[in-house]
Amino acid sequence: MKRTLLVIALALAGLMPIAHADVSDGHALPPGISWQQGDVPAAFARAQAENKPVFLYWGAVWCPPCNQVKSTIFNRPDFIAATRQFVPVYLDGDSENAQQLGETFKVRGYPTMILFRPDGAEITRLPGEVDPERYLRTLQLGLSAVKPVKTLLSDALSGNKLATADWQLLADYAWDVDHGQLIPELDVPATLTKLAERVPAEPAVVATRLQLKALAAVAGEKDAPSFDKSQARSRLLHVLGDAKLSRANADIVIYSAGDALKLLGDDAALRQAFDVQLKRLEADPTLSWSDRLGAASTQLSLYKQRHAKQPLPVGLVADVKAKVAEADKASSNPYQRQAVITAAGELLADAGLLDESDKLLKGELKTSHAPYYHMLILASNAKERGDKPEALSWYQKAYQASEGQATRLQWGASYVSNAVELAPQDAERIEAAAGEVFADAGKSGSAFYERSRRSLEKVAGKLKAWNQGREHAEAVNRLAGQLSGVCEKLPEADAQKPVCDGLVKSLRS
């Protein structure tokens with residue numbers, strides 16, 4: 001069978017079929033969907049044979065947003081039915097060669113979900129932080145799209161006429177996980193601003209969505225492009241004054257409120273409008289519990305920004321406790337709990353309720369399928385208390401409990417970083433921790449790609465800073481030698497070898 005160019009490229013790169021845990025293991029994915037697990041070339045070959053698009057889900061067992069997607073989208077009968085229209089492939093970030101594929105597809109954050117044509121051309125990236133109805137509408141738009149988003153973007157910027165569905169696809173594109181696929185990352189705010197200026201006024205819901213996306217992108221940048229703040233403020237007030245519009249754009253209202261207020265000015269009218277809608281969204285039973293806790297977290301954050309160094313009102317603290325208890329009680333399946341308990345533990349900690357946060361998280365350690373994620377929050381809580389030994393103990397436990405190639409490198413990097421920060425005098429601990437991370441790198445076939453590469457770069461950077469005065473030269477030289485041994489085992493033609501050698505050189509410089 002003739003394969004697509006992408007499949008041929010992947011095959012030549014040596015990316016062979018990858019073994020995965022069975023979907024019924026309770027951790028990987030909810031049942032009901034015939035996922036092509038890990039074997040991306042086979043998925044594209046099947047897609048071409050059946051003339052179907054490919055739906056690629058890139059995720060991890062532990063990540064809270066991934067678990068939210070599993071509990072709110074992947075388990076829905078209408079999504080399961082929709083999978084008959086495409087070939088669904090699951091690429092776990094801890095699978096062999098997954099990080100190499102991550103570089104191929106320019107995927108970095110979990111979750112990333114991409115729709116491809118059978119010939120390998122990317123159609124669109126689907127947003128993970130939206131409600132299921134919007135997600136499914138975006139999916140169907142992508143499945144029926146005549147042109148991929150990259151072409152639509154070029155047409156829009158060139159002034160060509162687009163159909164309403166095309167503008168909707170641009171408005172709901174997952175710009176936050178584009179990572180240079182369509183345009184350089186630094187150009188996203190300016191590009192969205194141009195699109196917001198050119199989108200037709202009708203239908204208003206599409207124009208509003210794109211304009212809000214532009215505002216959120218600009219507000220999140222330190223060096224924001226030129227932007228009509230007065231017009232943006234008027235549009236935002238219009239949205240916040242309408243309960244239906246705010247609900248339709250709940251993801252932006254909840255997660256971009258702080259940045260929007262910093263950009264547009266924290267005046268009384270805008271502040272009150274956000275307060276009204278955030279309270280409404282927090283109580284909205286049609287939203288996921290993760291998003292409802294997100295709304296509560298944003299309210300808390302905005303209050304703390306306005307009343308810095310003042311104790312939180314008793315009523316606000318009581319509301320946080322009540323909302324967490326309600327979310328805890330309402331969350332039953334393991335995917336939902338992985339997302340919800342994480343958000344709840346962080347919310348309690350942000351409210352200064354560190355003991356309550358600890359109690360909630362510790363109660364989850366025996367039942368969670370990724371307890372090492374909760375351990376990181378426990379470590380952060382101890383760090384907030386100023387209890388350095390306890391914090392380091394939790395960072396170490398989290399690393400020791402972590403599972404999977406990329407995950408262990410990421411958790412190990414966190415442990416090393418915090419050991420350098422909290423106990424720079426403990427050379428024995430730091431060397432042992434870094435040595436274990438480098439040993440993990442030696443066991444992985446793709447340690448110097450994508451997320452894993454960035455984890456190792458983080459470790460090398462922390463060690464270099466720790467040894468800035470050369471007082472730990474012997475320990476760092478031993479570690480450099482250990483890493484050099486990993487590099488020597490890599491073939492000269494392997495793209496990972498110069499990356500590995502570069503890290504060794506940086507440690508020895």
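Mentor: Two strands pair if DSSP finds at least two bridges between them, and strands (E, at least two residues) and helices (H or I, at least four) are DSSP runs numbered from the N terminus. The model is predicted: local features need pLDDT of at least 70, side-chain atom pairs count only at pLDDT 80 or more, and totals for chains, interfaces and linings use all residues. Residues are numbered from 1 along each chain as its sequence is written, and side-chain values use heavy atoms, without hydrogens and water.

Trainee: How many helices and strands are in the chain?

Mentor: The chain has 26 helices and 5 strands.

Trainee: In what order do the strands of the sheet lie?

Mentor: Strands of a sheet pair through backbone hydrogen bonds, either parallel or antiparallel. Here an open sheet of 5 strands runs β1-β3-β2-β4-β5, with mixed pairing. At its edges stand β1 (36-37) and β5 (122-126); each has a single partner strand, so one side of each lacks a neighbour in the sheet.

Trainee: In which sense do β1 and β3 pair?

Mentor: Strand β3 (residues 87-92) and β1 pair in the parallel sense over 2 bridges. Gln 36 has Val 89 in β3 as its bridge partner.

Trainee: What share of the residues of the chain counts as buried?

Mentor: Buried means under 20% relative accessible area (1.4 Å probe, protein chains only). Of the 509 residues, 55% count as buried.

Trainee: What share of the contacts joins residues at least 24 apart?

Mentor: A contact means heavy atoms within 4.5 Å. Among contacts between residues at least 6 apart in sequence, 70% join residues at least 24 apart.

Definitions and conventions
Buried < 20%, exposed > 50% of the residue type's maximum accessible area, 1.4 Å probe, protein only.
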